Amino acid sequence: MKSLFFAIVFKELKSFMRSAALVAVVLYSFTIDIYVAGEGIDIEPRNVAVGYVDNSGGGISKKILSNLHSPEFVAPVQFLSQKELSNAIYNKEIMVGLVFDNDFEKLYREKKNTQLNVLLDATSASQGFTTLMYLQSILLSFEDIQIPLELKIHKLFNQNSDNKSFMALSELLSLITMLVVILTAIVFVKEKEDGTWDIMLLMPIDAKLTILAKTLSQVIIVMGGVILSLGFVIFGMFDTPMNGSFWSFIFLTFLYTFSSAGIGLFVAAIAKDVMQVAQFSIVIMIPLIFLSGAWTPVYTMHPFFQVLSFFSPLRYYIEGSESIFYRGTPFLDLYPYYFGVMILGFILYIIGFKKIGRLF
Amino acid sequence: MKSFVRFSVIKAFVHKELTELVRTKLIIMVYMMPSMVTILFGYGIAMDVTHSRISIIDNDNSKYSSELISKFSHSKYFDVTLTHESEAEALEAIKKAQSDIVLIIPSSFEKNLLKGQKSELGVFIDAAFANRASTMQNYVQGVIQSAATTSAPMITLNTRTLFNQAMRDEDAIVPGLIGLVLLVAPAILTALLIVKEKEKGTIFNFYASPIGKLEFLIAKLLPVFMLHSLNIFILFIWATYLFDVPFRGSFFLYWLSSEIYILISLSIGMLISIIAKRQIVAVVLTVIITILPAFLYSGMLMPISSMQGISWVEAHIFPVMYYNHILYDTFLIGQGFDSPKIVLYLCILIGYVVALLGLGALFLKKEMR
């Protein structure tokens, strides 16, 4: 029994290793792809391109402009007319335009109400809002207006709210989902397509054993990728904090990959060929990712979606992983996540056994 | 050797491919997947953080402190709970992900304010989701700043928000989703078209038949191109009617650039299909190289003008940026062909099509390897 089980696992691993292209693609995904995702994006306004037209000809405007500095802003670019400035904004070369009117300096010196005109490209709404906030507080500090309140802000778990490690980690989590579902589904569908699966089922081996061995082989491949990626990219390139225990993350990942392989099994059950696998797995995975709370927190969703989100294993996995990495939740307090992933996985395997483990 | 492209041959092939797509029910997927992605993510991605759960510990219980609290309860960004827990208990709730922010008002709050002394407010924010934390921090600062500035500042900002006046998330995201979907969906479909025949062995029909290379490629790509062209209109309807995204530009430009973009996507899929030997490689490769760039370089998450270094270079290598520039223009801005930059970007997109199709024709071999 046991030797048979491992024979199947090794056979699948070997056939994976034989395809150099496949190995290369999986390696690429777990290293470079994650690096690019982490390196590429900053959701907070950084290097905001500012342009200005200065008709006031005075020192005050220069003083205000000198407050716009890195990392939030790149050095402001001067334009000669408002038309040129708005052209640059329309062409998306500039995100914020400041226009100092003729009487700007005069009014300010006379201590009258002074207006600073701002043109803001609000295509990405939240960045626009944050940039406005920055401008407002720059003006306040410029005018030296005292606010009788002082805010002492503590960011818990990720003090400098380092976005890079966060993006890299999110990419890793969704990559795990994508790869394990597609790889597992294709392992089965390939045999279905070639007709070898029926022969497997006719052999005197328990079909469940074959199915488990085959999924385990794909889980091993993905786990290998996860470890590579943790070592080289997540901890190697980005200083991702690890406030919890490394092994509880590995354990949670193992449970999660196994239950996601169940999704792959389900896809394999309904798909007839690889083409259908590609389409089905995307159609199934997108709601899973959507319901996981990776993009919007679960509590802000429509109540109906909130209920549905209990059925996304990715939800437990993401919340669990964030807790391990950032919040440092101890192993035993993570039990809801382990159970959530395990129960969903169990259900998926039962469906998979029933649908795949019989002759067509 | 290469003769003219014979339309009767292509017609027969297209007919065969279409029949296959209909028979395998893939045609449902061609229309289901793009609409599903657009609708789910259109509703799903909110960059704005609303309803952050803020617990306020009011140690002062004075008129001023309750005024401050009411500022928070009137904001759509916060769901306020007043607690009488200790600081440690409130922090424990953040750790269990039951609350996002804890605000602590000190006991001498009103007294200090009346005396004109500074009082310190403690704010604790769950920063496990980094960007959400920064947004929440800004909102908290905004509320407190506006509550605290008693003397009106002399310089007021006269802000004109362009393109997205109401600062709606939908306006910012839905056009980007069209750019995402039209890159990923056609590519996945074509990625398998040729490699499938290789794996099954039916590619020998092509090797042995008198059909030309170019005819073969056109026959493979044309059905997918025609089917996905309809998606341009379907997605437009979702964007403008379901999500109420304004459309200010020229529809012709939208249609033209989208057709070109679909051609690019098809060619990417086709190149993968020609190079890959196994279907599994083709599927994984397509998913990896289309989905991530389509998100990163869409301008949805981060304006291209703020990118620097590697990400700036990569953004310019992938076609997503050029198409999305045109896309956002047609929806939100409306310069159309008047802008030289848009004409340039359109030419770049056409350049991509020519280059990718040329590479495909170069790599496709009409013989056994």
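This note goes through a predicted model of a complex, point by point.

1. Basis. Residues count from 1 along each chain as its sequence is written, with chains lettered from A and ligands numbered from 1 in the order in which they are written. In this predicted model, local features need pLDDT of at least 70 and side-chain atom pairs count only at pLDDT 80 or more, while totals for chains, interfaces and linings use all residues.

2. Confidence. The predictor gives an ipTM of 0.77 and a pTM of 0.80 for the complex.

3. Chain A overall. Chain A has 14 helices and five strands (DSSP runs, numbered from the N terminus: H or I of at least four residues for helices, E of at least two for strands). Of its 360 residues, 49% are buried (20 or more other C-beta atoms within 10 Å of the residue's own; exposed means 12 or fewer, partly exposed in between; C-beta atoms are placed from the backbone).

4. Domains of chain A. The assignment, automatic or from a database, gives domain 1 (2-41 + 161-356) and domain 2 (50-143). Their centres, taken over C-alpha atoms, are 48 Å apart.

5. Helix 14 of chain A. Its buried residues include Tyr337(A), Leu344(A), Leu348(A) and Ile356(A).
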